[in-house]
Amino acid sequence: MRASSYTIYVDLPDTSEEMLLVHGYTGAYDKVSRKVANYLRSLEARRAPQPLYGAWVSEPSTVEEEVKAPSDGALETLIRRGYLTNMSVEEEEELLVKMATKIHQQKVAKMPSYVIMPTYNCNLRCAYCFQDHMRTNPKYNHLLRTIKPEMIDRIFGAMPQIEARHGIKDGQAPSRSILFFGGEPLLAANLPTIQNIVDKALELGPATFSAVSNATEIEAYGDLISPQRIANIQVTLDGPPEEHDRRRIYADGSGSWEKIRRNVTWALEKGVGISVRLNVDRNNIDQMPAVAEAIYAEGWPEMPTFSAYTAPIQPGNDNVSKQTTMNSYELDQALAAMRDEHPSIKVLGRPDDSTRNQAHRLFLESGNGSGMPPVRESFCSAHVGMYIFDAFGDIYACWERTGNPNIRLGYISEEGELHIRGDNEKLWRSRTVASNPACRKCRYNMHCGGGCAVLAEGKTGSLHMNFCDAFASRFRSSVADAFQAYTSGEALSAHVDRVCDQ
Ligand code: SF4
Ligand code: SF4
């Protein structure tokens, strides 16, 4: 018998006597004595494998000396829950690959989700925007046009063809999920276009609508923005009013806070879900308490459909210096450290809240977390069933890679036929934790999903490499926090839906 290669050891801050074990692919969570954990660690076949790029922080070291076995009952539990195995390292890896591949195929066979980009144009000029070149370099001017009515018809004609590829028969599609993305999709000038898209979607069948918007012009949409139509909007703020006005600027350099502030309140009063995203780096992290104060001053936390979360700014273009960015773990910990001095900062979700909430839910449901957490064999819907349509009829898997036909999944022809490029479809849709050698061996894989493919490509040159973003540390610290909250009866923050985990 040896310790499964997918056993995760979670230290608990308040005790040196006990720790948590979490199993990667069986989904088990168990509190055990440190003696039992040490026994397991003494049976590790090897040190925890390191990812090819980056490093895991403070991975528990392998125990070298022989450790006394626990009782037969404890051994039986360790075997049943997957922590002890008879399989060789290679056999277990093979099992993991089979499981991940099967789960992925099952997910791919479900209803796809849709993103429509009515335009790449935007009325703001945020320096870190990954589409900045489209508005500042005349070479890309042709990309800035708005989608035409004929193209909208072609897109809705293509949806049943796409669904058929996922095994969904004509007329049997459940509700379609449609997200508006840009550029800025909800420019006042786009109102007739967005109305047309909503009407066409509802002609085809039931649908839900959401948007990623800078919210500077959404007041023009009247009741098209309501719980019955565009019901959820993600809006970005970059700091308290002054800092935001330095970063999220109009082409003439003026700030956008005042317009966004008014429109967010307007949408919340209508019962529309507003999820505020805060892009954070080392230059604005100290201002998060002031952002939380500004949010309280607007009265938004009292509105039931409001939530806010933080995300690290990634070095997406040459305007962003790597020195100023931070990974998700650094951001999560920096926000945690501010909580005692600035209690209002709790209104801002931390990057790892979903992992914490999920573990907390498992502890609440079963006492020791023996429920099954969701499996994450791939990182995001770019690898499963997301179809992003732009104004030119091109179809993409990930919005960070839109506007470049070389990497498109396919296109819709003038005759309305769907054309999918097999090589690019394989490139995007086959990325799972089983498809690269680092993730396949990683004990965190079915909780992590392999990280953002675009960030992996930025770092290594390949979409199919791992992007760890300090996941090992983030996972262990989140599970320990959740356990502490469970034992102390403390509530954790509410869940926030994100459009993309990046
Ligand atoms: S997580 Fe990365 S790969 Fe997935 S949609 Fe976002 S940017 Fe694209
Ligand atoms: S599964 Fe996640 S933490 Fe593990 S190697 Fe892959 S990207 Fe890194």
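Two strands pair if DSSP finds at least two bridges between them, and helices (H or I, at least four residues) and strands (E, at least two) are DSSP runs, numbered from the N terminus. The views below show a predicted model, in which local features need pLDDT of at least 70 and side-chain atom pairs count only at pLDDT 80 or more, whereas totals for chains, interfaces and linings use all residues. Residues are numbered from 1 along each chain as its sequence is written, while chains are lettered from A and ligands numbered from 1 in the order in which they are written.

**View 1. Strand β6 and its two partners.** Strand β6 (residues 113-116) runs parallel to strand β12 (residues 386-389), to which four bridges join it, and within β12 the bridge partner of V115 is I388. Strand β7 (residues 176-180) also pairs with β6 in the parallel sense, over three bridges, and here I116 stands opposite F180.

**View 2. The largest nonpolar core.** A nonpolar core is a set of buried Ala, Val, Leu, Ile, Met, Phe, Trp, Tyr and Cys residues joined through C-beta atoms within 7 Å, where buried means that 20 or more other C-beta atoms, placed from the backbone, lie within 10 Å of a residue's own. The largest such core has 124 residues, and those with the most contacts inside it are V115, I116, I274, L348 and I388. Helix α16 (residues 471-488) gives the most to this core, namely six residues. Around I388, leaving aside residues up to four places away in sequence, the residues touched include V115, M117 and W399; contact requires C-beta atoms, placed from the backbone, within 7 Å.

**View 3. The surroundings of ligand 2.** A shell of 15 residues surrounds ligand 2, the closest being C439, C442, C448, N466 and C468; a residue is near a molecule if its C-beta atom, placed from the backbone, lies within 6 Å of it. At least two residues of this shell come from each of α13 (437-441), α14 (445-448) and α16.

View 4. The domain assignment of the chain, with bounds from an automatic or database source, gives domain 1 (2-104 + 432-488) and domain 2 (119-361). Their centres, taken over C-alpha atoms, are separated by 34 Å, and 13 residues of domain 1 are in contact with 10 residues of domain 2. On the side of domain 1 that touches domain 2, α16 gives the most, with nine residues.

Technical notes. Buried ≥ 20, exposed ≤ 12 C-beta atoms within 10 Å, placed from the backbone. Contact = placed C-beta atoms within 7 Å.
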